[in-house]
Amino acid sequence: MDRAHEADWATALDVAHAASLDWLEGVADRPIAPANDYRTVLDALMTDLPTGPTDATAVVSGLAAAATDALLAVNSPRFHGWVMGGAMPAGVAAEWMVAAWDQNAGATITSPLAAAIEQVTATWMLELLGLPEGCSVGFVTGGTMANFTCLAAARGAVSRAHGWDVDARGIVGGPAITVVGTQHTHSTVPKVLRLLGIGHDRLVQVAFDDQARIDPAALAQRLARTTGPIIVTTQAGDIHTGGVDRFDAIADVVDEVRSHHPSGGVWLHVDGAVGLWGAASPVLAPQFVGLDRADSWSTDAHKWLSTPYDSGVAIVAHPSNHHRAMAVGADYLLVHEHADRDPMDWTPELSRRARATSLYATLRCLGRSGVVELVERSHRMAGRCARRLAAIEGIEVCNEVNLNQVMVRCWDRQGDAMAHTPAVLAAVQAAGITFPTHGEWDGLPVMRLSFSHWATDVDDVDRTVGAIAQAHHRLRN
Ligand SMILES: *Cc1c(COP(=O)(O)O)cnc(C)c1O
């Protein structure tokens, strides 16, 4: 191997290309649940550590062969599990090039291309979502790290307002931060509070309505008796209901509280992992009034916008707080003379792939009208699904379909939903045509359907409704 650089790129990439096409072109017609369970897949893969090299093409072929029956068809238009989305062609193809280019997107000097792509994508996103032009933007792995990045900026801002530079001195000895949300604040927020040293017990839960939206009056009451630094965390899209917090009313409450707190001591965050893209739609816009009054916003492009994974975005209205929380500041990585920014100063990671490329490609491909159409189409499809399910005897739709989430409960003839709902769900998943997932609402099980795939159409919705109806009728004794 004295000519190590003479690799056979073409053969290995050809195999990957063919296997990828095979998967993508068949995914809408195959059963959604994987044929093989975890144990079967593990047994197939778990050989002894290879004692020596294997040819790259053979490795890729072997992977492709092992994958086919082991994949959950998340990119089927009838996959409605959790809130995931299925990637669009421009984003997937861009991902391939990201791997081939092998750029380190940490600094402008290590990848002028990646830095420029981030700058363009950030500018487009702020315009599309109607957020203030001066916001800083960090491209992170997903919604969790977007929340982490935003709340790290928040932690610094609210602590400094109380005379404590938490970024320099740490959390110990500083003023205790109160974080206000609800029981439905996404589970990644308490996790982020742990990572930030704030602690998940500092999350105070106030009352909410039947769409899981914060009750602004309850928030006002709670804040009136809170001293010290405050972070309010709201949601654009609850994972169960799709509920969008009333940002205008909440921002009014926050402004009132600010009038008798030290300047900068109260921060308003929006977790928009599920629904932030809805703000681009004129039809959905009334739900987002006041969105631009927050201090930070997080989202996941891999959910509703249908980019590949590793596409979270943290947006902060106060760049100096964002920068202070995330900047690396090593002189050997100094910013390029003509650069606007170094990507690493706005995210937790230093070295990373050029992850914003697939988001750039997806936005470039859709344009404003394409994003609006994508969002409004899934809203319409969710509405159709809910209406058709509600018309079936014994099926109850538990939320108002304001965005893209549908939550249903199935009752048997004895008036039981506790056992019947999970039984219907299991039967539906096993049948393979559609794939909702489970949840709990008001103490009883529900089946959740997220409409976050760009290609879901009327025929898909009707097949999904048919599959649920069939399981419900068969099991309803
Ligand atoms: C999915 C989700 C997250 C976490 O996003 P990841 O990309 O999975 O890290 C955070 N908040 C909400 C509301 C979500 O739906």
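This is a predicted model: local features need pLDDT of at least 70, side-chain atom pairs count only at pLDDT 80 or more; totals for chains, interfaces and linings use all residues.
**Stop one: the ligand.** The shell holds 14 residues, and Gly143, Thr144, Asp271, Asp300 and Lys303 come nearest. Colour the shell by class. Eight of its residues are polar, three are nonpolar and three are charged.

Zoom in on Thr144. One of its polar side-chain atoms sits 2.5 Å from a ligand oxygen. Move to Asp300. Here an N or O atom of the side chain is 2.8 Å from an oxygen atom of the ligand. Now pick Asp271. A polar atom of its side chain lies 2.7 Å from a nitrogen atom of the ligand. The ligand taken alone exposes 380 Å², and the protein buries 84% of that.

**Stop three: helix α6.** Select residues 143-161, which form helix α6. This helix gives the shell around the ligand its largest share, three residues.

**Stop four: α5 and α12.** Select residues 112-129 for helix α5 and residues 356-390 for helix α12. Their axes come within 10 Å and cross at roughly 30°. The crossing is left-handed.

Show the side chains where the two helices meet. On α5, look for residues including Ile117, Val120, Trp124 and Leu128. On α12, their partners in the contact include Leu359, Tyr360, Leu363 and Val371. Which classes make up this contact? It has 10 nonpolar, two polar and four charged residues.

Note on methods
Residues are numbered from 1 along each chain as its sequence is written. Side-chain values use heavy atoms; hydrogens and water are left out. A residue is near a molecule or strand if one of its heavy atoms lies within 4 Å of it. A polar contact is a pair of N or O atoms within 3.5 Å; within protein, one must be able to donate a hydrogen and the other to accept it, and residues adjacent in sequence count only if both atoms are side-chain atoms. Accessible areas come from the Shrake-Rupley method with a 1.4 Å probe; for residues, only the protein chains shown count as cover. Helices (H or I, at least four residues) and strands (E, at least two) are DSSP runs, numbered from the N terminus. Ala, Val, Leu, Ile, Met, Phe, Trp, Tyr, Cys and Pro count as nonpolar, Asp, Glu, Lys and Arg as charged, and the others, Gly among them, as polar. Axes are lines fitted to C-alpha atoms, for helices over the stretch in contact, and angles run from 0 to 180 degrees between N-to-C directions. A crossing is left-handed if the near helix is turned anticlockwise from the far one by less than a right angle, and right-handed if clockwise. Contact means heavy atoms within 4.5 Å.
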